[in-house]
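Dear colleague,

Please find the structure below, with its sequence. A short account of the findings follows it.

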Amino acid sequence: MSSIGHWITLDNLIFLILLGFLLNTLLNLKKMTPADYLPPCQPWPFVYILVPVRNEEKNVRRLVDSLLRQDYPGFEVVVFDDNSSDNTWPILEELAAENPRLRLLRSDNLPSCWTGKNWACHQLSLAARGEMLLYTDADTVHHPLALKQAVASALQHKAGLLSALPALEAKTWSEKLYMPIIPFAFVSLIPFFKINSRRRRSWPAVLGPFLLFSRRTYQASGGHAAIKENIVDDIALARQVARQRENITLIDGSRLLSIRFYRCFRELWAGFSKNSYEAIKGTPLKLAGIILVCYLLFIRPYLAFLGALSQAQLISLPFLQVALITLNRFILAERFGSSRLWSMLHPFSITLALVILVNSYRLSLFRKKIVWKERFYPLPK
């Protein structure tokens, strides 16, 4: 017993946890593989692809083009323009004139009790009549087989809600540093038996850029009308679905769609500050726990490794800890299109994510309003 107690040290425990994260990554990637076919006797359901847009002239053309090129037997694309002040609407009109599968909606009025995106998504739901509803964002680009594989996966898993983890486009330093934390959090840190598991979860594994609902599930959960004031619409919707005891599925969408969330540090800071704390359903105690655990697992090993190097200890336990983190990040970089070189800066990525999370808590604590899409929104406390 004394030898076992001697072996169970903090560094050994960290090593085992990091090894567990690596194994979990490999298991999750296998479990998240999308399906690509249906049984011959099962027909493909009709899908409405629903897109809310506001001032998206830089993205909307390539988005709509990619959606209209879907290799899928029955679908329609409906775009709701939420009072854009740029050239979004003229571009949409031009595209709609060329393709009957594209339908356009527009509104100038936003009710005071709604966020802009939730209002737009609600209006889109009223216009949809299909068996399945796919909500996607304007900054995505979809592979021609994306819809077919997503629908096949949803039917295979009997999922009321399916989401996909996309390939990540990153061009600026802040994007390259921060964005890989998203697949790391979803694929490495969520236990494999929770991915695509049934029933209730306080933090469902979904992302807003790709949400595929069965129409029955969407209506039973209350849809966007049930979360009309919520800034973090994807997590809020998923929690509504979980309360209905419906299956929620996350698939690897790295070969199905790509996304560039933000284009500069200012956008990234504002975008993730508005939703990080609410997304984890945060409390001050939970926030403190996350900071402590992230320091011990993802920052301390690098500090210890530098200390070992200064003492010419090239092979050491901190070295093995850093090697596990790096290998994990390399696997995710290869799959989701991020840079291997920037993966070497993992402790800085974690630090940036924690600083944004703390700022999100600060905004929530003091009920600060943020500017998003030229509108002011108060953050929930």
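Leu-16, Leu-19, Leu-23 and Leu-26 form a nonpolar surface patch of about 320 Å². Patches consist of residues with over 30% relative accessible area and no salt bridge, like charges being joined within 9 Å and nonpolar side chains (Val, Leu, Ile, Met, Phe, Trp, Tyr) within 5 Å. Accessible areas come from the Shrake-Rupley method with a 1.4 Å probe, and for residues only the protein chains shown count as cover. A salt bridge is a side-chain nitrogen of Lys or Arg within 4 Å of a carboxyl oxygen of Asp or Glu.

This is a predicted model, in which local features need pLDDT of at least 70 and side-chain atom pairs count only at pLDDT 80 or more, while totals for chains, interfaces and linings use all residues. Residues are numbered from 1 along each chain as its sequence is written, and side-chain values use heavy atoms, leaving out hydrogens and water.

Leu-26 belongs to helix 2 (residues 10-31); helices (H or I, at least four residues) are DSSP runs numbered from the N terminus. Leu-26 is partly exposed, at a relative accessible area of 44% (buried means under 20%, exposed over 50%, partly exposed in between).

Helix 5 (residues 116-127) is mostly covered, with 9 of its 12 residues buried, including Trp-119, Cys-121 and His-122.

In the largest nonpolar core, of 41 residues, Phe-186 and Phe-298 touch the most other members (a core is a set of buried Ala, Val, Leu, Ile, Met, Phe, Trp, Tyr and Cys residues joined through side-chain atoms within 4.5 Å). Helix 13 (residues 284-310) supplies the largest share of this core, 6 residues.

Yours sincerely

How values were computed: Helix = DSSP H or I, 4+ residues; strand = E, 2+ residues; numbered from the N terminus. Buried < 20%, exposed > 50% of the residue type's maximum accessible area, 1.4 Å probe, protein only.
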